[in-house]
Each structure stands twice: as structure tokens, then as C-alpha cells.
Amino acid sequence: MPSVAVKLYSVFFKFLLKHRLQNRSQIPVNDPNEGTSFGVTSRPDEESTAASNPSFTDGVATKDIHIDPTTSVSIRIFLPETCLGSPDSDLRGQSKSRVKALSGSDLRRNSYGAATTDNVTDSHYRNSFRRNSYGCNVDDLALKSENGAYRGYAPSGKNCRKLPVMLQFHGGGFVSGSNDSVSNDFFCRRIAKLCDVIVLAVGYRLSPENRYPAAFEDGLKALHWLAKQANLAECRKSLGDKRGGTDMKKTDSHGHIADAFGASMAEPWLAAHGDPSRCVLLGVSCGGNIADYVVRKAVEAGNLLDPVKVVAQVLMYPFFIGNVPTHSEIKLANSYFYDKAMCILAWKLFLPGGEFDLDHPAANPLVTGREGPALKRMPPTLTIVAEHDWMRDRAIAYSEELRKVNVDAPVLEYKDAVHEFATLDMLLKTPQAQACAEDIAIWVKKHISLRGHEFSY
């Protein structure tokens, strides 16, 4: 059973959530045709946020970017300190990383499609380069810009190690949560360190101010933005030292590429360190629904997203539901944190009034007649479920359907765990959360490792 602290916090959490959902149901719905679709991506009056920090003070640098002028969609970049190694260290670092046995291996079990591994990569990557008080390489750090304002990391073109990119979609029932909340910031930092990836946490528009399909479109917009950034970076690379002779592109004194109007500047962290050909999507709770939608659209787009390649996705206790209740939906309907009644209210706030249906394609991935590519074309999919989560059975059923068509789709179930156990670890402090993050790192590295070095971690 969950600890007493988890039970007490769950009672407090459900009381606040019910109050907020009831108040939110009084918010008038915006009509997209009236130009009121800018939306909100966070609710700072309800949830504390973590400020971005562009220097490697704790091993991960962060920055916030507003990616769409017509909406409030934003992205927080989590860049791990390991990016400062030389390109050759991408292989040497993997072969030298220490592996330790997980003391709490009994906290998880896996009986749904893949064998568990009791060894995990050590999260503390030891760097050999000299560091200053800002926590990063002296040669690669621009402590001040010309006006003396910027004191964060700026790539210099040397020792730029390429890392895979992970798009992360936070949870919150589509009505709350944010990409810069304290809990999500803590979770993304942990994943960036353990998986050795650049995490792009997407701040999508919340409901009921912006209902379906706004959040799903924002997730796809973030993937398209990543593809655009990759192409801008390729333009900068192909131009090299050339400064003229083109009407549509121009470069500044730092070699950054922008279009003729200066509106499409290449993001320097991604240009220097991002490898979009190794892209992973990770969705938490309702973010899992968004991630699954974005993956389907990426599969449909195919080569149109080049050079972005979605090689895998991770669904953490996805927010799936349906009209026909599963065994867990009946037995655990009044479970911890998110009970079924409140989740149905969240779906009513998210889906347009005339479209409310628990078998809506956004809610039930197994509904017949769902549009999109065949399941056999889906990338490898890892599903995380909690023992005391009423949504677990439908997530397991979706994974089983993927395995029937030979998709690598294991399920990891965690004993004594509740919904959001891994992403609320900053508050809950459960051993299952650390075990889950390490398990995700093991599985993800299998699909993002360079060919020939798949098991070097």
C-alpha cells in the first residue's frame, strides 16, 4: 500500500482539484473564430513555477522559448552538462559509464512484454574538463554578452557533442500543470541527466480556455518547430563562412541563421547539440494522449519531417478512458489523486460540448474506426503504469494491441505506486520514482544509442 504521507497528500490534492475543476467549469468557452485562441499554458496562482537557469549550476541548463506568435505555446529546454564533451566522447562516455544494481528492484515488476533489467546507468556523469563557478567549461561559456546582461551558456562551435532530443508533455488533466512548474522542472532535469538527452518540455494551451484539439495541435506544432530548427541549423552548417549571395537567408556576427525578416533565428543550443534524427516523445498522464497523437501524425508525415525521426515514445500512466469500464476502473474508481469522477469532469472541460464522449478518439486509443496509421507502423512504445491507478488496465490493453502487430511495447508496472508517482516525486519522495526514471533511461538508450553501441551504457 502507498505510504501514509502519500495518502494524506492525496486527500489534500483531491480536495483542491475538485474545487478548481468546479470553478473552471464556470469559465466561458472561447470561440476560436473570434480570435481569442492565444490561451494560457500555466496557472501560477495555483502552482509554483521554477525559474529557468541558462548555466549548468546543477548539471542541467534551462531556457524558455515562445515558439508561436499567434498562441501562448512555449518550450523549456533542458540541456545536460554532458553536451560539453567532444563528439568522440559520445561513444567513450557510454562505454565508461558505471552501472549499479538497483537496491529497490522489488518496487517494480514487468510481466507484459519485456524482461526487466536490474542494472541502471549511474546518473552522475563525471566530467574531466575544468569548471568555473558557473558549472561549465570555461572555453564554451560566454559569461557576458556585449551589454553585460547574459550570463549563461552559449555554444562556441568547439566540443559540441550531439545529443538525442526528447519532447515531453506534462500532465494535469488538460486543465492544469505547466512545463515550468517545480515538479515538472525537477522531473525533466532527472530525465535529461539519466537519459543523456536534450529535453524539450512543451507548454501547451490549457482548457477550458482552449478546448480540444488545441493541446493536441500544440504538441504537433512543437514537433514541427523542432524540424524547422533542424533545417535552420543545417542551413547554417552548409553556408559555413559564406556571408552573402542569398536572398532568403542571412547570418549575424555569431553565424546564426535567420530568414530575410529576422523571424526564424536558429536556436543555438539545439543547433549546436541537438540530434533530431534520434527523437523520443514522452507523455505524462494527459500528456501521454498528446504524445500518442503526435507520434501518429509523425508516422503519417513520414519523410516530410526530415531530419526529425521519432524513434520511440514513452507513455507514463496515460489518461485513457472509455464508455465500457475496465476492471481497474471499477475496482479503483476512487483511487489516489485522480479519481474517475474528477477525470470525467476534466474530460468534459476539455472536449467541446457537442463532442463529449468517453470513446472520443482523444480519450480511447482502442475505439473502432479511429483515424491514423495502422498500429504496426507505430514506433517502439514503453508504457508505465501504477498499481493503484484506475487507468492502468486500458493502458495495458493498448500496449497489448501494439505487441499483437509486433511493435516493441513493454509495460512496466510499479507496486504500491499511484497516478503521477514519478512526476510528483519532489513532493512524494517515493523510491518507485527514482526506479522508474532509471528504467526509462535503460529502455530509451536502447533506441537512441548510436548503431553498433546499443548496449554500451
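Phe216 is buried, at 2% relative accessibility (buried means under 20% relative accessible area, exposed over 50%, partly exposed in between, with a 1.4 Å probe and protein chains only). The model is predicted: local features need pLDDT of at least 70, side-chain atom pairs count only at pLDDT 80 or more, and totals for chains, interfaces and linings use all residues. Residues are numbered from 1 along each chain as its sequence is written, and side-chain values use heavy atoms, leaving out hydrogens and water.

**Aromatic pairs**

- Rings of Phe, Tyr and Trp (its six-membered ring) pair if their centres lie within 6.5 Å; planes under 30 degrees apart count as stacked, over 60 as edge-to-face and the rest as tilted.
- The count by this rule is 17 aromatic pairs.
- Phe13 and Tyr338 are edge-to-face because their ring centres are 5.3 Å apart and their planes stand at 65°.
- This pair joins distant parts of the chain, 325 residues apart: Phe13 is in helix 1 (residues 4-24), and Tyr338 is in the loop between helix 7 (327-331) and helix 8 (340-350).
- Helices (H or I, at least four residues) and strands (E, at least two) are DSSP runs, numbered from the N terminus.
- Phe13 is buried at 18% relative accessible area, and Tyr338 is buried at 7%.

- Phe174 and Phe216 are stacked, with 6.0 Å centre to centre and 25° between the planes.
- Phe174 is buried, at 1% relative accessibility.
- A cluster linked by ring pairs contains Phe174, Tyr212, Phe216, Tyr293, Phe319, Trp347 and Phe350.

**Charge over a ring**

- Lys63 lies over the face of Trp269, 4.2 Å from the ring centre (NZ of Lys or CZ of Arg within 6 Å of the ring centre and within 35 degrees of the ring normal).
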